[in-house]
Amino acid sequence: MFEHLINGFGVALQPFNLLIALVGCLIGTVIGVLPGLGPTATLAMLIPMIFSMPPATALILLTSVYYGSMYGGSTTSILVNIPGESASVITTIDGHKMAMQGRAGPALAIAAIGSFMAGTFAVVMLTFLGAPVAEYALHFGPAEFFALMVFGLATVASLTGTNVTKSVVTTCLGLMISTVGIDLVSGVPRYTFGNPFLQDGIDFVVVAIGMFAFTEVIITAREVREGTRAEVVKAQSIWVSWKEFVYSLPSIARGTLFGFLVGMLPGAGATLSTFIAYNLEKRICKNPELLGTGDIRGVANPESANNAASGASLVPLLTLGLPGGGATAIMLGALMMLDITPGPLMFEKHAGMIWALIASMYVGNALLLFLNWPLVNIFARIMTVPAKYLMPIVLVISTIGVWSLSYSEVDLILTAGAGMLGYYMRMHKYPVEPLILGLILGGRMEQAYRQALIISKGSNLVFLQHPISLVLLIGALLFLFLPALLARSKQFYMARKTSVEAA
Amino acid sequence: MIGMNTIKTKITRMQVEGLIILLVAIGYLWEAQNVPLLFQTPGVPGPTTFPWLLGIVFGVSGMWLLISPHKLIARYRKKAADEDEDAPEAPAPSGAAFGKIVTRDWHFYTIWAVILGYLVLMPSLGFPVATALLIAMFVFLLGEQRWWVVAGLALAATTVIYAGFALGLRVRLPLGVLEPLMK
């Protein structure tokens, strides 16, 4: 393992890859600072641009943008009281209070330090867990893989949104869209209605850009018309005293641990993980009545949790090929477009690429600490660029992204349709992440399902006869009924509701 | 039954959505029947097996939203139906109400029209012209009144983006109406 990691550092520290990691961290931080545009939409827009890159470099760019956005989200939470990312909502409570008390510097410093410690912990865990989990998953057959994907989709459906039925609807819709095109096994066209452009299926990038980027532009446009711009507080000295750092350490540790554990669940995402970690912190910490009054622990804990969760979501992605949420689903799609089959064999067949990615995450965390600590006031000034100038630029770049896929007018029309549907879904609380996940996993899921039925000569009991598959399917059912069971728990209910509203 | 209170029914948005979902599921399953089954071996799942499974789950979910059995049960038990975390559901808009919504939100629909127009017309108009128009109209609709800022931003942004993507990253962006001028 260490030999692989050292080789990984050899690739990650190549000048071009280092530059790409730095660019990704910068883009991610800017995205994190800007409210409205999230890492999922950004990753979707970047995919058309990574085709010419080697796979390792492409993955380094995407992951550095992803966890870079977690660092940037705290800046605006603290200085402007507007969370840059939904995962940074909790940080606004104590963070902005500290800024108004003239303590923006310590708040920003502890956010950067906590993020670095949690991010590094997540990468260390990925280092030690990755290969063993992947090796265990090599024993999975088609029935187990199908059950695993059902489990992943069920957890996403139960943990995103507030109405499980709506989540199941959007998941099914994503899976149904994935059936459009030529069936790979029999070669017959399905749901193409005679249109040759649909024979290749509907690209998930087209749908993702429509549902995330375009929808976000419309929502921001409405807010620009209706809202007012908040004042940006300037931070004086970005430093935290030794006493405050020691005081925050237990909160950082708990946020890291709980954020990582919850973040590994498909569907939990950084936002819900942060809410759950913070709620647990309020129950466990000393003097919980101080949280919410400008206590530095109220910044340290959620910022650690969201960085740990974002790193944790890469564990199921790289070991099982199961994305944890919207952003990792996009990364999964990117892997498939780079002709890499996600799953446990990645550690065997593409070991060099995986370990280079893990190594680059160590480097990236260090880069982000040095970027975010001294340069935070510069990043905060990005907030002063009016959204009315930024949003049309985002729109144009998104359109270029879709156009460059196959230079097809049909893709543009599909994006428009996806944008309208995505907007309706956002307004009426139909979660979008399960749809994207269903669209990306649909092909593999169907393949696993059909293979399992071929092996069992058409008997659906095969999914119940294999122990791993049975456990996963029971787990999937439990997760689907979990919200109903836990609705009686006010804590969990409020965490889920607030995280959905924040997103 | 004698003594039972009459239940007031009001069609909610969720029920309309449930109905639409159910209709889509029926259409999806119907179309699955049109998929040719070539060289199909008995017992081996064909190209319609998975779609049937999905269509049924989709349809059942739609029916659940349409009927909302848990709310019916709660209503019959005369409990406050606050199990649904959503805000109180709005009734489906009537024709008159819909007209008012359109009039009040003309700005919002104009933005949508601009975006959709851009996506449809960009290949034929060309990227430079379509993008400049989009940026100008979008910025104007979002409140920028100074025409020199609108025009300047539209031209500058279009030029920079075109240079960056077409010349720098070699993305083939259509010139459209400007193509005869470039030849």
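Mentor: A residue is buried if 20 or more other C-beta atoms lie within 10 Å of its own. This model is predicted, and that criterion can be applied to A:Leu159 in it.

Trainee: What share of the residues in chain A is buried?

Mentor: Of the 503 residues in chain A, 60% are buried. The chain has 23 helices and 2 strands. Among its contacts with a separation of 6 or more, 79% are between residues 24 or more positions apart.

Trainee: How many residues of H12(A) are buried?

Mentor: H12(A) is mostly covered, with 16 of its 16 residues buried.

Trainee: At what angle do helix H8 and helix H20 of chain A pack?

Mentor: Two packed helices are described by the angle between their axes and by the distance between the axes. Here, helix H8 (residues 164-178) and helix H20 (residues 433-455) of chain A pack at an angle of about 35°, and their axes are 7 Å apart. The crossing of H8(A) and H20(A) is right-handed.

Trainee: Which residues meet in the contact of H8(A) with H20(A)?

Mentor: On H8(A) they include A:Ser167, A:Thr170, A:Leu173 and A:Ile177, and on H20(A) they include A:Pro434, A:Leu437, A:Gly438 and A:Gly442. The residues of this contact divide into 9 nonpolar, 8 polar and no charged.

Trainee: Which residue in the loop between helix H14 and helix H15 of chain A deserves attention?

Mentor: Most residues other than glycine have a negative phi. A:Asp339 is not a glycine, yet its phi is positive, at about 70°. This residue lies in the loop between helix H14 (326-337) and helix H15 (346-349) of chain A. A:Asp339 counts as exposed because it has 7 C-beta neighbours inside 10 Å.

Trainee: What is the phi of A:Lys457?

Mentor: A:Lys457 has a positive phi of about 60°, although it is not a glycine. Its place is the loop between H20 and helix H21 (462-465) of chain A. With 10 C-beta neighbours inside 10 Å, A:Lys457 counts as exposed.

Trainee: How many residues does the contact take from chain A and from chain B?

Mentor: The contact takes 48 residues from chain A and 48 residues from chain B. On the side of chain B that touches chain A, helices H1 (13-32), H2 (49-67), H5 (106-125), H6 (127-141) and H7 (147-168) of chain B each supply at least two residues. That side of chain B divides into 34 nonpolar, 7 polar and 7 charged residues. The predictor gives the complex an ipTM of 0.80 and a pTM of 0.78.

Trainee: What is the mean pLDDT of chain B?

Mentor: Where pLDDT is low, the predicted coordinates should not be read in detail. The mean pLDDT of chain B is 79, and 72% of its residues reach 70 or more. Over residues 1-8 of chain B the pLDDT is below 50, and this stretch has 1 contact in the model beyond near neighbours in sequence. Over residues 95-103 of chain B the pLDDT stays under 50, and the model has 3 contacts for them beyond four places in sequence.

Technical notes:
Residues are numbered from 1 along each chain as its sequence is written. Chains are lettered from A and ligands numbered from 1 in the order in which they are written. This is a predicted model: local features need pLDDT of at least 70, side-chain atom pairs count only at pLDDT 80 or more; totals for chains, interfaces and linings use all residues. Two residues are in contact if their C-beta atoms, placed from the backbone, lie within 7 Å. Helices (H or I, at least four residues) and strands (E, at least two) are DSSP runs, numbered from the N terminus. Ala, Val, Leu, Ile, Met, Phe, Trp, Tyr, Cys and Pro count as nonpolar, Asp, Glu, Lys and Arg as charged, and the others, Gly among them, as polar. Axes are lines fitted to C-alpha atoms, for helices over the stretch in contact, and angles run from 0 to 180 degrees between N-to-C directions. A crossing is left-handed if the near helix is turned anticlockwise from the far one by less than a right angle, and right-handed if clockwise. A residue is buried if 20 or more other C-beta atoms lie within 10 Å of its own, exposed if 12 or fewer, and partly exposed in between; C-beta atoms are placed from the backbone. pLDDT is the predictor's confidence in each residue, from 0 to 100.
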